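Here are my notes on this one, point by point. Have the structure open while you read.

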Amino acid sequence: MSSAKTVKKKKILVVDDSEMNRSILADMLGDDYEILEACNGLEGIAEIKKHEEEIALMLLDVVMPEMDGFEVLAVMNKGGWIGSIPVIMISAETSSTHVNQAYDMGVTDYISRPFDGKVVRRRVNNTIMLYTKQKMLQGMVTEQILEKEKSSSLMVEILSNIVEFRNGESGLHVLHVRTITEMLLKMLAEKTDKYELNHTRIAMIALASALHDIGKISIDEKILNKPGRLTDEEFAIMKTHAAIGGDMLMNVSDGSEEEMIKVAYEICRWHHERYDGRGYPDRLTGEEIPISAQVVAMADVYDALTSKRVYKPAFPHEKAVEMIMNGECGTFNPLLLECLQDIKEELQKELETHSSRQSTQNEAQSITAELFEKGDMGASDRTLRLLEKERIKYQFFASMSKEIQFEYNVDADMVELTEWGARYLGVEETIMNPCDDERMRQILDKEKMMEIRKKVRKADASNPIVTGAYPLRIGGELRWHKLVVRAMWEGSDEDIHYTGAIGKFVNADEDYKRMDSLEKEAAHDTLTGLFNHKNARKRIEMILSERRDNTYSLILFDLDHFKEANDQYGHLFGDEVLKNVAQKLKDNLRKDDTMARVGGDEFMVFLEHGGNYEGQIERVFQIVTGQYENFKIDVSMGVALVPKDGEDYESLFHAADQALYASKRGGRNQYKLYDSTMEGTLSVLSPMDGEE
Amino acid sequence: MNIQEFYASIDPTGNEYAEVMGRLGTERLVNKYLKKMADDKSFENLKKAISSQNYKDAFMASHTIKGICMNLSLKILADSSSALTEELRDNPDTAQVLALFKQVEEDYKVVTDGIRSIE
């Protein structure tokens with residue numbers, strides 16, 4: 001290993017007017033630390049400004065010329081340094097008012113003169129250790145939040161993009177609702193313990209708030225974006241978005257008890273409930289409505305009022321608050337109304353200057369603060385033990401977490417992997433010139449590696465963390481990994497230089513698959529714009545459940561010799577064929593008919609018929625057959641009738657599938673109605689694809 | 001006179017010697033600081049400030065002497081400078097200040113003469 005790491009001594013700043021005192025302290029601590037000296041408060045502050053990042057501890061005298069110790073503390077409080085530089089006060093002043101005042105102003109410890117060498121060394125060591133750990137913990141917490149933030153914001157991004165796109169709302173709505181939600185919750189937490197709102201809980205609700213309208217994905221665009229009033233019927237459809245959103249989240253959770261999903265479910269399903277019980281879909285009353293949904297409901301209303309929509313202009317902030325307070329936009333929990341009243345000024349400011357990055361930082365700080373408040377912070381041995389335990393726990397989990405952790409040294413152009421990471425990737429623990437390393441390039445494309453290297457180099461101290469998602473080829477298989485890297489520098493001020501980075505790859509294959517399924521859940525078939533199978537099924541099941549004497553046909557068809565079109569003219573051409581078929585369906589069928597692409601080249605249509613089903617089926621058959629450029633489109637079609645062949649989706653789909661198969665066996669390019677003699681034959685969904 | 005003998009000359013109990021050794025660890029360091037103390041300008045500053053009735057500077061100087069003496073376990077001088085410091089802190093009374101200073105001056109002489117005679 002060629003990376004000569006010079007162990008830098010930590011710096012201690014001694015601020016004392018007596019040269020002798022400074023000298024004694026320097027003698028006591030000089031073996032382990034580098035001592036910076038200042039002979040009065042003013043010089044002390046100057047030293048802090050110069051070496052802010054490097055000072056591990058400050059020893060501060062009280063009585064000094066120019067600026068005394070308490071004045072120094074006041075400046076440090078004002079400049080925010082008191083939070084990052086621990087201060088031990090050393091003084092001959094032993095009156096308890098002095099000592100208390102010092103503690104009140106944020107000193108970590110107070111040592112009275114005359115001091116004992118061992119005591120000073122011990123207390124200095126303890127304090128530095130404690131702060132180092134706190135910083136480390138804070139780093140950990142930030143990272144965890146970033147991680148969380150990352151995966152959630154990815155989800156939010158996908159969903160808000162879809163909703164925004166279809167809804168004509170600006171993506172800011174999602175951000176605004178989130179900000180308002182967070183502010184309301186914080187105020188609420190100050191007012192009452194009733195809802196058990198701690199920082200974690202608030203952060204989670206705020207994040208989940210972004211999902212409140214995902215159910216709108218299933219609402220027809222024409223209704224969503226209709227200028228002017230909705231008809232009763234349209235409004236009824238619009239209202240289904242709450243329940244549908246809830247269902248979507250239920251489906252995503254695959255039964256796992258994930259708290260985030262639970263909260264999101266509450267919000268999606270109940271953000272249109274009203275405190276007086278006159279909301280939808282479940283007409284919950286008062287505290288039956290989870291607090292998460294109550295708060296998001298208010299945030300949603302506020303942002304809707306202050307935003308321009310197709311059906312209304314934007315109201316100014318004051319007017320919006322007034323309308324909510326007067327109950328013009330629904331009834332709310334009186335305590336929440338109080339919260340709104342309390343935050344209204346701040347709210348207006350916050351929304352104007354909202355920055356999500358900043359809020360992450362704030363979050364991290366307040367969580368850390370909470371952690372330490374609970375931990376009864378002080379340089380007590382107990383706290384140190386607890387912290388040590390946390391550290392061991394973290395290390396243990398890190399080693400169990402199956403993360404590929406690495407360190408990159410830019411001078412040597414060398415990557416060092418942890419033992420586990422190297423084994424997992426099947427490479428050495430030390431890799432020189434990774435971008436040109438044959439084995440590394442098999443795992444991750446060279447361009448990707450260069451891209452990462454470039455991104456990290458471009459990072460700066462205010463924003464040192466780079467994240468991304470990359471597929472790694474492991475054991476011949478591509479798996480998605482999330483990358484988190486932190487760039488590292490050495491030196492200070494002008495003399496700062498980039499030395500490399502530390503980071504990790506975390507397997508995120510599951511997450512991405514889940515995200516993928518969420519997207520599927522959310523979207524129509526992206527190629528054709530028809531329903532996907534899942535949504536078509538839902539729709540049909542709903543129609544069937546409300547059926548009285550209506551009669552329907554469920555038509556299933558696929559394209560004959562489609563595989564040849566793909567093979568001969570390429571997949572893009574194949575896609576055009578599919579789009580052409582979909583377009584013909586859209587052009588010729590009624591808007592209320594259910595049309596879906598349920599598989600590769602397999603389509604489903606569900607139509608109401610007044611009795612003349614034969615004519616209708618013939619018509620559909622004629623519509624979809626035809627010519628697309630050089631390719632002749634023929635279809636094999638199977639039909640099941642409601643109620644004759646079944647009254648539930650399963651039986652109908654099965655029957656149509658059997659009839660489709662019969663058509664194929666009958667020589668293709670035809671349609672057949674289901675009859676019971678077809679029973680027992682193979683299914684088109686089985687391996688015989690009919691196109692070999 | 002060696003260091004132990006010096007301390008014995010101002011504190012027959014021997015406690016102060018033990019204390020300072022415990023604090024600073026080696027005779028080399030104790031010696032170093034005793035010599036520094038003898039060369040320290042604080043006493044001169046104190047004397048000047050007292051004669052010009054600049055009690056703010058006097059307080060600062062007296063406070064420094066007290067701190068140094070406490071670090072070096074020079075109890076006689078620590079006690080007298082401490083008393084002077086307290087008198088100077090708020091509304092000092094000129095007569096009191098002069099009386100207390102006289103004591104500090106005496107003790108200072110005893111201590112520094114002793115230090116200078118250390119081999």
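1. A word on naming before anything else: helices (H or I, at least four residues) and strands (E, at least two) are DSSP runs, numbered from the N terminus. Keep in mind, too, that this is a predicted model.

2. With that naming, Arg668(A) falls in the loop between H24 and strand E18 (670–673) of chain A. Its phi is positive, near 65 degrees, and it isn't a glycine. Arg668(A) has 17 C-beta neighbours inside 10 Å, so it counts as partly exposed.

3. Asn433(A) is another non-glycine with a positive phi, about 40 degrees here. You'll find Asn433(A) in the loop between E8 and helix H17 (438–443) of chain A. Because 12 or fewer is the cut-off for exposed, Asn433(A) is classed as exposed with its 11 other C-beta atoms within 10 Å.

4. Now the sheet in chain A: six strands, open, running E8-E7-E6-E11-E10-E9 with antiparallel pairing. Strands E8 (430–432) and E9 (465–474) of chain A are the edges, each pairing on one side only. On average, neighbouring strands are turned by 25 degrees against each other, direction ignored.

5. Within that sheet, have a look at E6 (residues 403–409) and E11 (residues 497–507) of chain A, which pair antiparallel over seven bridges. Tyr408(A) has Ala501(A) in E11(A) as its bridge partner.

6. Please check the cis peptides as well. One joins Tyr280(A) and Pro281(A), with omega about 5 degrees; Pro281(A) sits in the loop between helix H10 (259–270) and helix H11 (291–306) of chain A. Another runs from Val642(A) to Pro643(A), omega near 5 degrees, and Pro643(A) is in the loop between strand E17 (635–642) and helix H24 (649–665) of chain A.

How values were computed: Residues are numbered from 1 along each chain as its sequence is written. Chains are lettered from A and ligands numbered from 1 in the order in which they are written. This is a predicted model: local features need pLDDT of at least 70, side-chain atom pairs count only at pLDDT 80 or more; totals for chains, interfaces and linings use all residues. Two strands pair if DSSP finds at least two bridges between them. Axes are lines fitted to C-alpha atoms, for helices over the stretch in contact, and angles run from 0 to 180 degrees between N-to-C directions. A residue is buried if 20 or more other C-beta atoms lie within 10 Å of its own, exposed if 12 or fewer, and partly exposed in between; C-beta atoms are placed from the backbone.
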